Amino acid sequence: MNEYIIIQNNGNWLITSILYASYNCVLLIPILISIKGLLKNSKDIRHVAIIVSLILITLLTIVYLFLINIDVDIKKLQMPAVYAINNIWPEIKKFYGIIILISIFTTAISLGIGFLKNVTVNKKGYNSIAFLMCASAVIFSGIGFSNLVNILYPILGIFGFIQIVQIILQKKEKTDIT
């Protein structure tokens, strides 16, 4: 098992892990706010959490099994899962590419709509920010995936950390008032 674990002696592992978790919260919080009205009771929330967890564990296990069967250093690959699929099961390469494309689109659309709903108050503001988001996507598309990730993860991680602190402080204020 040790041959499959990549150990990096990074002095800033704590900061990197906090930024990564915070980045994910930037993406997750608008979605959670958007679906808040759909899940009415804790039983529904528990069922959704269990189903989503099982699906994620299954998918992550499949990806892990593909990745441990490739003969290349995955640190050198931008998308190791695509490389693994291409080398282990080339017949489904196009199907997997379509799945990745659909995943990117559904994630971008849901995050964009969640963000727009949370930062706009009227249709004019919604349309203006939507246009800015689309224009910036076109501008940033030429940077390249790995460069975009290297730039955006830390920036959005900082925004996410600020957002988490604000949520904690608001919750503390509500607790202090009651």
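A nonpolar core is defined here as a set of buried Ala, Val, Leu, Ile, Met, Phe, Trp, Tyr and Cys residues joined through side-chain atoms within 4.5 Å. Buried means under 20% relative accessible area, exposed means over 50%, and partly exposed lies in between (1.4 Å probe, protein chains only). The structure is a predicted model, in which local features need pLDDT of at least 70 and side-chain atom pairs count only at pLDDT 80 or more, while totals for chains, interfaces and linings use all residues. Residues are numbered from 1 along each chain as its sequence is written, and side-chain values use heavy atoms, with hydrogens and water left out.

The chain contains six helices and zero strands, where helices (H or I, at least four residues) and strands (E, at least two) are DSSP runs numbered from the N terminus. In sequence order the pattern is α-α-α-α-α-α. Along the principal axes, the C-alpha atoms fill a box of roughly 55 × 40 × 35 Å. Of the 178 residues in the chain, 12% are buried. Among contacts (heavy atoms within 4.5 Å) with a separation of 6 or more, 49% join residues 24 or more positions apart.

The largest nonpolar core consists of six residues, F66, I70, A81, A84, I85 and Y96. Helix α3 supplies the largest share of this core, with three residues. In soluble globular proteins, nonpolar side chains tend to be buried together.

Residues up to four places away in sequence aside, I85 touches F66, P90, I92, K93 and Y96. The C-alpha atoms of I85 and I70 are 9.2 Å apart, at a distance of 15 residues along the chain. With neighbours within four places likewise excluded, A81 is in contact with V63, L67 and Y96. N86, also found in helix α3, is partly exposed, with a relative accessible area of 31%. N86 and Y96 are ten residues apart in sequence, and their C-alpha atoms are 9.3 Å apart in space.

Helix α2 (residues 42-67) and helix α3 (residues 80-88) have axes that come within 9 Å and cross at roughly 65°. Axes are lines fitted to C-alpha atoms, for helices over the stretch in contact, and angles run from 0 to 180 degrees between N-to-C directions. Angles under 35 degrees count as roughly parallel, over 145 as roughly antiparallel, 65 to 115 as roughly perpendicular and the rest as oblique. Helices α2 and α3 are therefore roughly perpendicular to each other. Their contact involves V63, F66 and L67 of α2 together with P80, A81, A84, I85 and I88 of α3. This contact has eight nonpolar, no polar and no charged residues. In this classification, Ala, Val, Leu, Ile, Met, Phe, Trp, Tyr, Cys and Pro count as nonpolar, Asp, Glu, Lys and Arg as charged, and the others, Gly among them, as polar.

Helix α4 (residues 93-119) packs with helix α5 (residues 123-140) at an angle of about 140°, the axes being 10 Å apart. Helices α4 and α5 are therefore oblique to each other. The contact is formed by G112, I113, F115, L116, K117 and V119 of α4 and by Y126, I129, A130 and M133 of α5. By class, the residues of the contact between α4 and α5 are eight nonpolar, one polar and one charged.
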